[in-house]
Amino acid sequence: CVSSIDIVIISTISIIMFNRKLLIVALVALLCVSAALADVQCDPTHSCPDSSTCCKTSSGGYGCCPSPDATCCSDHIHCCPQAYPVCDVKAGQCLKKSMLAGEIGVPMLVKQPSNWDIALN
């Protein structure tokens with residue numbers, strides 16, 4: 001036999017559990033939105049982490065250069081940081097100025113895959 005008090009207690013527990021699940025879902029959604037706001041948007045469906053640069057890949061997609069305001073190199077694989085904006089693809093180096101004799105460069109950076117933004121599709 002179930003009394004009306006038992007039904008109220010069971011209903012209250014169900015509401016608390018239901019609200020808890022809603023709260024968890026809301027928090028996860030908020031974290032996803034916050035993370036997306038920090039991303040660099042490459043196009044309507046692809047993004048890169050904050051402080052990176054979107055660069056086209058040879059397949060027409062996007063890769064992420066792990067440096068802000070970077071130069072995307074013509075090989076569609078590498079990129080160069082802002083302080084060394086000239087890609088010397090043959091030497092695999094980034095230079096401050098093009099074809100400067102004796103200039104010491106830095107190694108080229110390798111692009112990482114971009115994020116595909118499911119929420120925007």
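Let's start with a definition: buried means under 20% relative accessible area, exposed means over 50%, and partly exposed lies in between, with a 1.4 Å probe and protein chains only. Thanks for coming, everyone. What you see is a predicted model, where local features need pLDDT of at least 70, side-chain atom pairs count only at pLDDT 80 or more, and totals for chains, interfaces and linings use all residues. Residues are numbered from 1 along each chain as its sequence is written, and side-chain values use heavy atoms, with hydrogens and water left out.

First, the overall layout. The chain has one helix and twelve strands; these are DSSP runs numbered from the N terminus, H or I of at least four residues for helices and E of at least two for strands. In sequence order, the pattern reads α-β-β-β-β-β-β-β-β-β-β-β-β. Of its 121 residues, 23% count as buried. The accessible surface is about 8400 Å², with 68% of that belonging to carbon and sulfur atoms; the areas come from the Shrake-Rupley method with a 1.4 Å probe, and for residues only the protein chains shown count as cover. Taking contacts (heavy atoms within 4.5 Å) between residues at least 6 apart in sequence, 31% join residues at least 24 apart.

Now to the disulfides. How many does a search of the whole structure find? It finds six, a disulfide being a pair of cysteine sulfur atoms within 2.5 Å. Let me walk you through some of them.

Cys-42 and Cys-54 are bonded, with sulfur atoms 2.0 Å apart. This link joins distant parts of the chain, from strand S1 (residues 40–43) to strand S3 (residues 53–56), twelve residues apart. With -80° about the S-S bond, the link is left-handed. Cys-42 is buried at 15% relative accessibility, and Cys-54 is buried at 19%.

Strand S3 also holds Cys-55, whose partner Cys-72 is in strand S5 (residues 71–72), so this pair ties together parts 17 residues apart in sequence.

Next come Cys-65 and Cys-79, their sulfur atoms 2.0 Å apart. Cys-65 sits in strand S4 (residues 62–65) and Cys-79 in strand S6 (residues 78–80), 14 residues apart. The torsion about their S-S bond is about 90°, so the disulfide is right-handed. Both cysteines are buried.
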